[in-house]
Amino acid sequence: MPIEKVWVLAEAGDNGPTPVTLELLSEARSVAGTVEAVAWGADTASLAGALGEYGATTVYDVGDVGDALPGVPVAAAMAALVEGGNSPDAILIPATYDGRDVAGRLSAKLDRPVLTNVTGLVAGDSLSSQHPLFGGSQIATATFTGEGPGIFVIRAKSFAAESAGGGAAQVVAAPAPDAGSTNTAKIVQRHEEERTGPKLDEAPVVVSGGRGLGEAANYELIEQLAKLLKGAAGASRAIVDAGWVPYSHQVGQTGKTVKPTVYIACGISGATQHLVGMKGSKNIVAINKDREAPIFSVADLGIVGDVHKVLPALIEALKAKG
């Protein structure tokens, strides 16, 4: 296999490796002979089982970074490994806040370019990446021509997370070298937005609202329906930009990519940048009074009607069923 070894930047959440980490490990197995992970935290060894199950044979443990911004010590540790002769052919990094920070710093340290907004990988004599353009209507393919490793920053939900049934990965210490003044910034406070129900990008059902709701107060209908369906509430960029809901609710090219079992678009016209973030959903339901709205082109079920009438009716019907 031309691609011998791939690293995956492994991020951890409250319940182990994040979903996007498992997605990247799964895809890495299909393009490389050896898959290894780089992780950090107070107890990286506890991740070895899950990371190994999804394909990693080795986990390089940067260790506990304390209150430091992870990007600095993690990028420094990865660069030290590469410069020490332990270099992969490619490095897959999730397009998260910490992931993008690591990618940028690693690029500077290694003097290697980065390919971002990756949604597909193609293995050949080298590893190529696919990138959606013009709202996903066109796909560009890019390949590194210089010395490796290639650094790829990949959007969540681009690949399916599939267990390989492997045993626990070997944990190898990979402490970060002294980063000097670049590591002086500290996290002094953390704030987690209050929410109920599943996370937007992990929910089996997503109900999203757009401009067709008319005003911010009507977003409550979206939240009610999502709660009744045990799903998450999403939004189009238009109402996020208008300040109706926080950015964390945004679905689309510049927001989150979701692939739920059911996606319900309410009063969303279906601009291409929104479609990029949800068109991979298994079942799409669209509610819009404009029968020519682009959203209907991807919908499995279309309801031509006023969301102010349709949503209350759906909510009452669900409540009646208990």
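Predicted model: local features only at pLDDT ≥ 70, side-chain atom pairs only at ≥ 80, totals over all residues.
Two strands are taken to pair where DSSP finds at least two bridges between them. The surrounding pairing is antiparallel and links β9, residues 127-133, to β10 through six bridges.

These two strands belong to an open sheet of three strands, arranged in the order β8-β9-β10 with antiparallel pairing. The edges are taken by β8 (120-123) and β10 (138-143); each has a single partner strand, so one side of each is left without a neighbour in the sheet. On average, neighbouring strands of this sheet are turned by 30 degrees against each other, direction ignored.

How enclosed is strand β4 by the rest of the structure? Of its six residues, which span 34-39, five are buried, so β4 is largely enclosed by the rest of the structure.

Burial is also found in a loop. H249 is placed in the loop that runs between α6 (237-241) and β15 (262-266). Is this histidine buried or exposed? Its relative accessible area is 16%, and because the cut-off for buried is under 20%, H249 counts as buried. Leaving aside residues up to four places away in sequence, H249 touches E193, L200, Y219, A233, G234 and A235.

Attention can now turn to empty space. In general terms, rolling a probe the size of a water molecule over the atoms shows where such space is left. The second largest pocket has a volume of about 250 Å³. Its lining is made up of 15 residues, and those closest to the pocket centre are T119, P132, T257, V276 and K279. What is the make-up of the lining of this second largest pocket, in terms of nonpolar, polar and charged residues? The lining divides into five nonpolar, six polar and four charged residues.

Technical notes:
Residues numbered from 1 in each chain as written. Heavy atoms only, no water. Helix = DSSP H or I, 4+ residues; strand = E, 2+ residues; numbered from the N terminus. Buried < 20%, exposed > 50% of the residue type's maximum accessible area, 1.4 Å probe, protein only. Contact = heavy atoms within 4.5 Å. Axes fitted to C-alpha atoms, helices over the stretch in contact; angles between N-to-C directions. 1 Å grid on protein atoms, 1.4 Å probe; cavity = no way out; pocket = protein on both sides within 12 Å on 5 of 7 lines; lining within 4 Å. Points joined across faces, edges and corners; volume = space filled by probe spheres on them. Nonpolar A, V, L, I, M, F, W, Y, C, P; charged D, E, K, R; others polar.
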